[in-house]
Amino acid sequence: MKVFGFHGGIHPPENKKQSTRASVRHLPIPKALVIPTQQHLGLAADPVVSVGDRVLKGQTIAEPVGRISASLHAPTSGTVTAIEAQPVPHASGLDAECIVIESDGLDQWIDHQPIDYKGIERTELVKQIRQMGIAGMGGAGFPTDVKLNLGSDHIVTTLIINAAECEPYITADDKLMCEHASEILEGIKIIQHLLEPTHTLLGIEDNKPNAIRALNEALAEADIDLDLVVVPTKYPSGGERQLIQLLTGVEVPSGKIPADIGIVVQNVGTAQALHRAINHGEPLIQRIVTVTGEAVEHPGNFWTLLGTPFSDLLSAADLKPGAMHRLVMGGPMMGVAVETDSIPVIKTTNCLIAATESEMPEAPAAQPCIRCGMCEQACPAQLLPQQLYWFAKGKEFEKAKNHNLFDCIECGACAYVCPSSIPLVQFYRYAKSEIRAEELEQRKADHARERFEARQARLEREAIEKAERRKARAAEAAKAQAERKKQSESSAGKDDTAALKTAAAVARTKLKKAEVALKNAQDKGLEGIDTLQATVDKLKQAAVEAEQALQSYSATETTASKTDKREPTPAKPDLKALKQQVSIMRTKLKKAEAADDVDESEIESLKARLEEASQAYADADNALIELAKTAGIDLKQLRIDLAMAKVAVTKIERAISKSDDETEQETLKADLETAKAYFTRLESQLKPYE
Amino acid sequence: MSLIRMSSPHVTRSNTSSGVMQLVLLAMIPGILAITLFFGWGTLIQIFICLVSGLTFEALALKMRGLPVSRYLGDYSATVTALLLAVSIPPSAPFWVGLVGMFVAILFAKQVYGGIGNNPFNPAMVAYALLLVSFPVQMTSWNLPYVLSGSEGWSIPPLSDSIAMIFAGSTQVMDAYTGATPLDILRNRDGFTTEEMWRSSQTLMSGAAAYHALSAAWFMGGIYLIYKKVFTWHTPVSILATLGLVSAIAYGVDPSNFVDPFNHLTLGATMLAAFFIATDPVSSATSNRGRIVFGIGIGLLIFIIRTWGNYPDAVAFSVLLMNLAAPMIDHYTQPRSYGHKRARLGPKGE
């Protein structure tokens, strides 16, 4: 098999020999197991047991939530003693929900049967894998069932089994291959059955000769279509994208997943776990963990139940007292340093490094970047790390994005070679999170702007409609008036206008006079300015009213001749139902927007529906107002009056309860009666229109 | 139990910036030995002057900027600059030449821009260019080379004479030991062809070998640095290949008016420039492709300035001009990242 190359990469000291001398040991069952509900990518599992429950080994204790999630099982038999927040293995160092099981030492299995995977439906098999809680054991912990159930839009041509284990120190996969090669092959068969790839490649670094030998021996016996490809040792050859490039020469396009180009990568540990789950019916409750570092006397690998505290592992490897300076879970390149050894092992815990101070000294203070370019030579994604560093440091995030910051896999090769000891990876993480936050903000702002614009448009539309309605109303009123007049006086149309004109003119003159008087008074500082001011105001209003009456009248005269009678009154709509509809839509939209993975198209459609619903409600409301008008009721005013009346009632009630004086109480009670009567009257008036 | 929390990676290669600079200093030893062997003690004295003044200026600037002096002096960057300038100026130049040079190099070319890592131009070359323009007489009087085989030829000035030239400015002694450089002779031919110059000039006939040997010494140091991965082959190879190719074409067309490629590469400061000056990472282009473009530019400019310009050698100007172009080169020479069909080019990376 041809092995392709990938750009960059580094050769850090391997430090793997220490932990491969002894065979894999079994760790004794710990007293208490702490099982975090989030051990995988996606949503945390939902506990299905309660405190006090007795659980058997392999019993489901938490079920997956949503598509990307995984089940959890009791690693041994015992009693659930707590479901609470505890320290978990996460880079944040924060506590998270855990199920605590006190083991009874019996290690009693729940009933479990192997599954004949060839005899059942594929969907059923995927469901089984999901129930068995299998998640990627290489590091990321991606739920395996999702990767094996890609749907018809992804045709898998190549299955790659990742056995590279490129990080220094870690030997968990190495030992697994040495001791359980045939189980791994059985697991691969299950994956092949599901994905039906045209070819399967197993990539392994050439620093694991024993594992290679074991695999070759197992391959000779097994009936399996698999090519074992030995790749040169170079970090990070086990990175998913790098391994794909090594084995196939193909690059996964930026922003895509391997499945988009017909490739699925699975870890050897995952394959073995699949075999145990399907062919033995044992859910994922244990894994091999490498315990190494100079601070332990006897480094090695251990079959460890999930939920076992790190301290148990460290003491099993004989931790030298006082020697441990840094505790890293995972490898030295991408692992996470933790502050306490009470953290439990989870599905992705492949290694613990108990390092002494001399082994992993604190990084010296960063020096200025001299642009030496060593990082560029090391970068497996072929980025320009130093440029990204300058951009991140200068908060030029847009430029960082354009320099493909998001293709950075945070492998740490650049920081490893940096002669100025600059913590480059931290700079990239910082820039990435800033950009993500910025984008989220931008999305939120866009939503707000869209909402605001929609609201503006609606208000404008309503204003126009209102104006039109007012016009129509005025026309109708004028028409009625005209008709009345016609009935009383035979021909008074012109005189009417004339009278209004005169009235307006008189009002104007009066106003002018009063204004002159006011000015005079103000200039001379005479008394009674206030009264004069009031008069002027009153007259102003009178003048305006006169003018309006005149205008509306002349307007009606022209339209009245053209306009026919009003449209027939519309049927009374169900306002309550419509209102409910609006609030339902609003809640839905809010929920969709608050979701973690915002689905833009869904939000758009929800928005449109909300808009529709509110429009329907507004229309219905307007129709009601119109309907009320025909009965001579101003519905809006009526509603306001009703609300005021309600307030008045409660106010009086409160006053009564506070008052000590009996006579005062009596008066208040009388007031209350009146207010209540008024309220009831208004309510009855409004009733037909609700 | 006190465990520390740090971000990954948890191990780093035990190399440091000062380690890189120390390797550069180490690689300069053959060159410095050769220059002393062929041109006298002068260069060692110049190194002393440049080092003392350079480190003093650097310490002063760091103090003024409120930075930890010993830590930044320990990065050896000022030391490298001092050595590069010292081997570039004539061995018999008066002491104040180096002094002024380091003043400019450290304070103006480096510290005002923000110190190590932030200088857009190679500090030693800024200083050299300024000295060349300001003090052309002192800067073009090179020592005549001492040739081992020449019985009646020259000898290197004794230490006392070197001291007299540098500190007392003794012109009599100076005239005895200095003269035009081979490149100068080949440029100002007074109507003679290059072949005639090669036959007539004592400096060329017996002295060229010293220059060749010196170039070989720089070349050795440079190869060592590439072997040690201090820098990649891209810049030096593209400089040497470009200069060699262009001068070969010119020489092939008109051998009597152009210098042959071998002497282009070995008679002047080409090797020093290709391996020790143009490879200064701070002021050069950043990507591998960018460094090739950067090197081609320097190679071309050296040929152009040497052939048609006013100065016999052209390394400083060529490097400075390309320093100027480096940011733009960076914009257009980004590598194609993993998973991308093509590289993003231009200042906005489109």
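One residue pair shows how they line up: A:Ala62 has A:Leu72 in S6(A) as its bridge partner. These strands belong to an open sheet of three, in the order S3-S5-S6 (chain A), and the pairing is antiparallel. Strand S3 (46-47) and strand S6 (72-73) of chain A are the edge strands, and each pairs on one side only.

Strand S7 (residues 78-87) of chain A has its own pairings. Strand S4 (residues 54-55) of chain A runs antiparallel to S7(A), and two bridges join them. Here A:Val55 has A:Gly78 as its bridge partner. S7(A) is also joined to strand S8 (residues 95-103) of chain A, by nine bridges, again antiparallel. Across this pairing, A:Val80 stands opposite A:Ile101 in S8(A). Strands of a sheet pair through backbone hydrogen bonds, either parallel or antiparallel.

## A parallel sheet in chain A

Which order do the strands take in the open sheet of four? The order is S11-S10-S9-S12 (chain A), with parallel pairing. S11 and strand S12 (263-267) of chain A stand at the edges with a single partner strand each, so one side of each has no neighbour in the sheet. Neighbouring strands are turned by 25° against each other on average, direction ignored.

S9(A) and S12(A) pair in the parallel sense over five bridges. In this pairing, A:Ile161 stands opposite A:Gln266 in S12(A). Helix H5 (residues 209-221) of chain A packs on the sheet. H5(A) touches strand S10 (199-205) and S11 of chain A, and its direction makes about 170° with that of S11(A). H6(A) lies across S9, S10, S11 and S12 of chain A. H6(A) runs at about 120° to S9(A).

Most residues other than glycine have a negative phi, and most peptide bonds are trans. A few places depart from this pattern. A:Tyr169 is not a glycine, yet has a positive phi of about 75°. A:Tyr169 sits in the loop between strand S9 (158-162) and helix H4 (172-195) of chain A.

The bond from A:Tyr235 to A:Pro236 is cis, with omega near 0°. A:Pro236 lies in the loop between strand S11 (227-231) and helix H6 (240-248) of chain A. In chain B, a cis bond joins B:Ser8 and B:Pro9, with omega about -5°. B:Pro9 is in the segment before H1 of chain B.

## Domains and confidence in chain A

Chain A is assigned domain 1 (17-355), domain 2 (368-476) and domain 3 (633-690). The C-alpha centres of domain 2 and domain 3 of chain A lie 56 Å apart.

The mean pLDDT of chain A is 86, and 94% of its residues reach 70 or more. Among the elements of chain A, strand S14 (residues 300-305) has the highest mean pLDDT, 95. Helix H15 (residues 529-562) of chain A has the lowest, 73. Over residues 562-570 of chain A, pLDDT stays under 50. For this stretch the model has six contacts beyond four places in sequence. Where pLDDT is low, the predicted coordinates should not be read in detail.

## Two domains in chain B

The domain assignment of chain B gives domain 1 (16-179) and domain 2 (208-333). Their C-alpha centres lie 20 Å apart. Where they touch, domain 1 of chain B supplies 27 residues and domain 2 of chain B supplies 26. On the domain 1 side, helix H1 (17-39), helix H4 (77-88) and helix H6 (123-134) of chain B each supply at least two residues. H1(B) gives the most, with eleven. By class, this side of domain 1 of chain B has 22 nonpolar residues, five polar and no charged.

Helix H13 (residues 234-253) and helix H16 (residues 288-308) of chain B pack at about 35°, with their axes 7 Å apart. H13(B) passes H16(B) in a right-handed crossing. Residues in the contact include B:Ile239 and B:Leu243 of H13(B), and B:Phe294 and B:Gly299 of H16(B). The contact divides into eleven nonpolar, eight polar and one charged.

## Where the chains meet

How many residues does each chain give to the contact? Chain B gives 36 and chain A gives 54. The side of chain B that touches chain A has twelve nonpolar, 18 polar and six charged residues.

Key:
Residues are numbered from 1 along each chain as its sequence is written. Chains are lettered from A and ligands numbered from 1 in the order in which they are written. This is a predicted model: local features need pLDDT of at least 70, side-chain atom pairs count only at pLDDT 80 or more; totals for chains, interfaces and linings use all residues. Domain bounds come from an automatic or database domain assignment. Two residues are in contact if their C-beta atoms, placed from the backbone, lie within 7 Å. Ala, Val, Leu, Ile, Met, Phe, Trp, Tyr, Cys and Pro count as nonpolar, Asp, Glu, Lys and Arg as charged, and the others, Gly among them, as polar. Two strands pair if DSSP finds at least two bridges between them. pLDDT is the predictor's confidence in each residue, from 0 to 100. Axes are lines fitted to C-alpha atoms, for helices over the stretch in contact, and angles run from 0 to 180 degrees between N-to-C directions. A crossing is left-handed if the near helix is turned anticlockwise from the far one by less than a right angle, and right-handed if clockwise.
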